[in-house]
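I opened my notebook for a quick look through this one. Here is what I looked up, entry by entry.

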Amino acid sequence: MRFIFKTDYNQDIRLFQHGGQMFWYGLLGLVLLAAPFIVSGYVLSQLHFICIYAIVGLGLMLLVGYTGQISLGHAAFLGVGAYTEALLQGAGVPFVVSICCAALFAAIVGVIVGLPALRLKGVYLAIATLAFNVIVEEIITRWDSVTGGSQGKSLKAIELFGWRLSSGESFYYLSLALAALSCLALINLLRSPTGRAFVAIRDSEISASCLGINLARYKTLSFALSAALTGIGGALYAHKVGFISPEQFTLIQSIELVTIVIIGGVGSLHGAVLGAAFIILLPQALSIAKDWLPESIPQAGLQSVVFGLILVGFIIFEPYGLYGRWLKIRTYFDVFPFYRRGTFRRQRGYLRSERLR
Amino acid sequence: MTFFAVENLGVRFGGVVAVDGVSFAVRQGEVYTIIGPNGAGKTTIFNLIGLIYPPSSGRILFEGRAVTGAPHHVAERGIARTFQNIELFEHATVLQNLLIGRHRHRVTSLFDELLFLPSVRRAEIAQREAVERVIDLLDLAHYRDSLVAGLPYGVRKVVELGRALATEPKLLLLDEPSSGLNPDETDDMAFWIEDIQKELGVTVLMVEHDMNLVSRVSTRVLALNEGRVIAEGTPEQVQSHPAVIEAYLGGGA
């Protein structure tokens with residue numbers, strides 16, 4: 001087991017707590033950079049999706065896992081980002097500008113959705129964001145002249161500084177770089193006052209406001225940042241699939257995004273990435289499993305059932321998600337043979353009587 | 001100029017008059033304690049001062065200006081509080097809790113923070129130095145990096161006091177600082193309240209039931225019953241006041 005003896009405030013602040021972490025993350029980085037030379041084109045294509053969903057997962061994690069606001073409407077932000085990118089590319093705007101616009105426009109929509117969040121909590125907020133998702137989906141479907149309606153819209157390959165990213169490798173490096181930057185931006189945010197204000201709002205709104213945190217401002221900010229990241233993810237998604245239509249941004253998609261956060265582990269950035277990988281790899285695993293399953297099990301709808309069961313299973317048996325499970329396994333080996341089942345059990349919460357209405 | 005004053009403060013919840021025309025003034029540098037039986041309206045007064053509920057009547061003055069707006073405006077004026085039932089940020093470490101207390105002293109902007117510029121690093125180190133003074137004062141170094149969720153009740157109480165002190169308040173509101181503490185911990189709490197008043201020069205407004213603690217640290221005491229002021233004066237004067245004795249023990253049968 002490792003004990004860190006702190007002698008300097010920078011030790012609290014720096015990215016890697018100890019040399020071991022630096023080594024393992026460095027190794028992960030190298031493997032990811034080398035991936036296009038190792039894996040096949042099909043696997044690389046799955047890695048594209050993992051990067052894109054990781055960006056979206058990080059955005060949603062900031063909102064759900066760190067600010068404590070639920071959203072069942074994130075597919076709408078994904079759609080806003082995707083359509084902004086498609087329209088701007090169609091108008092000949094360079095990619096660097098258009099992806100920034102996708103993020104910015106999604107953030108503006110995020111602020112608008114964030115406004116009711118100032119008054120709503122929990123399940124009511126979930127319903128409001130769900131309604132927002134349905135509204136955006138309808139707008140995209142009906143506004144033929146701009147969005148192409150249910151005919152959808154096609155996108156060309158990204159052109160970056162006159163260099164066409166048509167190959168899987170170049171698109172992979174772009175998505176990987178954006179995912180890594182998003183991750184770094186959130187780590188930076190979470191070790192500064194703004195990130196701590198989000199955590200404060202999640203854990204106790206009344207205390208947060210009594211310490212000078214402007215609830216309205218920070219909740220809206222969280223919605224905006226979360227939507228911006230989702231918008232970036234949406235723009236990449238649009239390029240990845242090459243064709244977007246309203247049925248890609250439905251409520252089911254929103255639920256899938258929330259699943260990333262819950263399966264990954266609420267309240268950890270690792271969780272967002274692990275959850276994204278899980279949700280992309282599960283359908284692959286299922287399609288392999290299909291060959292082994294008896295004929296009597298119907299193929300259609302199997303995926304939704306398995307997704308649902310896994311989600312319920314995680315909520316009941318591992319509320320801290322994949323990352324929580326990983327922490328437990330690591331601690332087991334760290335303290336072997338002294339690990340007890342109760343090690344991670346939370347102490348009972350003390351009575352909280354004072355609440356904002 | 002009065003340092004802090006409450007004038008004719010009142011609030012009704014439906015038909016219940018929880019606080020009824022309460023006025024008092026706190027002088028700079030004193031420890032002013034509000035006592036009263038359960039349901040007298042003590043915590044409600046704190047919540048009115050913190051603007052958590054809007055008052056039905058009256059006003060609150062701090063350093064010559066009315067206290068208005070939202071709860072975070074109160075904090076920005078330099079008024080910090082603790083809660084009777086502890087409202088800490090459970091899934092954060094003690095250090096993070098105290099740093100959140102520094103929120104009103106933040107100097108960095110969102111974009112600096114996203115890039116974690118050197119200015120943000122310097123500001124973070126400065127905030128930690130400020131928090132370290134509180135950690136030293138309250139002997140919290142041992143728990144610095146522990147999650148609040150795993151701490152015993154007595155320590156949480158101290159962390160909450162520390163978080164309020166980290167805001168560098170001019171006026172500190174303590175809602176039953178000794179509730180749930182054993183006699184040793186209560187004794188420590190009394191020392192700290194004295195230190196806060198004498199060494200840090202912070203004015204303390206406190207709600208408290210433990211009369212030993214009250215007489216030890218208070219400069220003046222206000223007794224409430226059923227939302228009304230029944231006595232004010234030194235701890236001895238208030239304790240021997242007939243209306244106070246009647247409120248606590250009931251009238252002679």
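**Entry: a helix pair in chain A.** I started with helix 3 (residues 41-66) and helix 13 (residues 269-290) of chain A, which pack at an angle of about 140 degrees with their axes 8 Å apart. That angle makes helix 3 of chain A oblique to helix 13 of chain A; I noted that only angles over 145 degrees count as roughly antiparallel. The crossing of helix 3 of chain A and helix 13 of chain A is right-handed. Before going further, I reminded myself that this is a predicted model.

Next I asked myself which residues of helix 3 of chain A meet helix 13 of chain A. On the helix 3 side of chain A I listed A:Gln46, A:Phe49, A:Ile50, A:Tyr53, A:Ala54, A:Gly57, A:Leu58 and A:Met61. Their partners in helix 13 of chain A include A:Leu269, A:Gly271, A:Ala272, A:Gly275, A:Ile279, A:Ile280 and A:Gln284. I sorted the residues of this contact between helix 3 and helix 13 of chain A by class and got 13 nonpolar, 5 polar and no charged.

**Entry: where the chains touch.** I then turned to the two chains, and found 33 residues of chain A in contact with 38 residues of chain B. On the chain A side, helix 1 (10-13), helix 8 (168-190), helix 9 (193-203) and helix 10 (205-210) each supply at least two residues. Helix 9 of chain A gives the most, with 7 residues. By class, the side of chain A that touches chain B has 15 nonpolar, 12 polar and 6 charged residues.

**Entry: helix 9 again.** I followed helix 9 of chain A to helix 11 (residues 215-241) of chain A, and the two pack at about 105 degrees with their axes 10 Å apart. Helix 9 and helix 11 of chain A are therefore roughly perpendicular to each other. From helix 9 of chain A come A:Ala197, A:Phe198 and A:Ile201, and from helix 11 of chain A come A:Leu215, A:Tyr218, A:Lys219 and A:Ser222. I counted 5 nonpolar, 1 polar and 1 charged residues in the contact of helix 9 with helix 11 of chain A.

Entry: Most residues other than glycine have a negative phi, and most peptide bonds are trans. I went looking for exceptions. A:Phe336 and A:Pro337 are joined by a cis peptide bond, with omega about 5 degrees. I placed A:Pro337 in the segment after helix 15 (321-334) of chain A.

In chain B, B:Phe116 has a positive phi, near 45 degrees, and sits in the loop between helix 4 (110-115) and helix 5 of chain B. Is B:Phe116 buried or exposed? I found 20 C-beta neighbours inside 10 Å, so B:Phe116 counts as buried. B:Asp139 also has a positive phi, near 60 degrees, and lies in the loop between helix 5 and helix 6 (153-166) of chain B. With 13 C-beta neighbours inside 10 Å, B:Asp139 counts as partly exposed.

**Entry: one serine in chain B.** I found B:Ser119 in helix 5 (residues 118-137) of chain B. B:Ser119 is partly exposed, with 14 other C-beta atoms within 10 Å. Leaving aside neighbours within four places in sequence, B:Ser119 is in contact with B:Thr108 and B:Asp112.

**Entry: domains of chain B.** Last, I checked the domain assignment of chain B, which gives domain 1 (4-78 + 169-249) and domain 2 (88-150). I noted 29 Å between the centres of domain 1 and domain 2 of chain B, taken over C-alpha atoms.

Note on methods: Residues numbered from 1 in each chain as written. Chains lettered and ligands numbered in written order. Predicted model: local features only at pLDDT ≥ 70, side-chain atom pairs only at ≥ 80, totals over all residues. Axes fitted to C-alpha atoms, helices over the stretch in contact; angles between N-to-C directions. Helix = DSSP H or I, 4+ residues; strand = E, 2+ residues; numbered from the N terminus. Parallel < 35°, antiparallel > 145°, perpendicular 65-115°, else oblique. Left-handed = near helix turned anticlockwise from the far one by under 90°. Contact = placed C-beta atoms within 7 Å. Nonpolar A, V, L, I, M, F, W, Y, C, P; charged D, E, K, R; others polar. Domains from an automatic or database assignment. Buried ≥ 20, exposed ≤ 12 C-beta atoms within 10 Å, placed from the backbone.
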